[in-house]
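Reader: I have a fold to read. Please take me through it feature by feature.

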Amino acid sequence: MDQLINLQNKFTTNFYLKFISTAFGLWGIYKFMVYLYNARHCKFNLKDKTVVIIGASSGIGRAMAFEFYKKGAKLVLVARSVDKLELLCKELEDQKQQFNNFHKPTFYQLDITEFVNLEEENYKNKILELLDHSIDDRKTVDVLVCSAGLSNRGSIEKTKISIFRELMEVNFFGFIYIIKTLLNFIPDDGAIININSIQGRVALPYRAPILVLNMLLWHFLIV
């Protein structure tokens, strides 16, 4: 009799475990299919949206400026080189007929390396000036792109601690300064894009400071 009861309890327990496992499995498949559907069909309309690109004067930031301008966005280009920003704005305006975008690109000079020596209120004021001088009355940043930063190559033995600190201040804390200051101006349907590197996931020789910083940024964005 006891064996029969134990067998019945075991069967009941296994049945419920299988039922719960199946239910969670089906729920997981459903959520995954919904995610795939949304990723395929949801398109962010950039026309007339305000896009701020930090580090727009060269590299990926510069290339993204052209792509966003093609989509009809209002651009605010930010970097430390005024000459390069002026040239970029002129190149974009020269193609306004081709892109059918008649929003005049604006620029704002900002050097993130200066944040190292600034108090919190001072760097906040400097970033907020960007809103006053470059963005319309809505004071809304629909898309924020962070593409600025320093780089370094060298062995751990020969890389000075001052280099580690400078990279940390500019590449990591500089990004956080900007996010913290502008976060309340980004709407719920807005976006933050940080240009990171695969070096946050794959270790390469002579790149220790950059590896650590990219890994920190990777986890910061996930959180």
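Reader: What share of the 223 residues of the chain count as buried?

Author: Buried means under 20% relative accessible area, with over 50% exposed and partly exposed in between (1.4 Å probe, protein chains only). Here 33% of the 223 residues count as buried. This is a predicted model: local features need pLDDT of at least 70, side-chain atom pairs count only at pLDDT 80 or more, and totals for chains, interfaces and linings use all residues. Residues are numbered from 1 along each chain as its sequence is written, and side-chain values use heavy atoms, leaving out hydrogens and water.

Reader: How many helices and strands does the chain have?

Author: Helices (H or I, at least four residues) and strands (E, at least two) are DSSP runs, numbered from the N terminus. The chain has seven helices and five strands. From the N terminus they run α-β-α-β-α-α-β-α-β-α-β-α.

Reader: Now the sheet. What is the order of the strands?

Author: Strands of a sheet pair through backbone hydrogen bonds, either parallel or antiparallel. Two strands count as paired if DSSP finds at least two bridges between them. This open sheet has five strands in the order 3-2-1-4-5, with parallel pairing. Strand 3 (106-109) and strand 5 (191-194) are the edges, each pairing on one side only.

Reader: Which residues are bridge partners of I53?

Author: In strand 2, I53 has L77 as its partner. In strand 4, the partner of I53 is V145. Five bridges join strand 1 (residues 50-54) to strand 2 (residues 74-79). Strand 1 and strand 4 are joined by four.

Reader: Strand 4 next. Which of its residues are buried?

Author: Both faces are covered. V143 and V145 are buried on one side, L144 and C146 on the other. L144 also has a bridge partner in strand 5, I192.

Reader: How do I read two packed helices, such as helix 2 and helix 3?

Author: Two packed helices are described by the angle between their axes and the distance between the axes. Axes are lines fitted to C-alpha atoms, for helices over the stretch in contact, and angles run from 0 to 180 degrees between N-to-C directions. Helix 2 (residues 59-70) and helix 3 (residues 82-94) pack at about 30 degrees, with axes 11 Å apart. They are therefore roughly parallel (under 35 degrees; over 145 is roughly antiparallel, 65 to 115 roughly perpendicular, the rest oblique).

Reader: Which residues make the contact?

Author: Contact means heavy atoms within 4.5 Å. Helix 2 brings R62, A65, F66 and Y69. Helix 3 brings L88, E91, L92 and E93.
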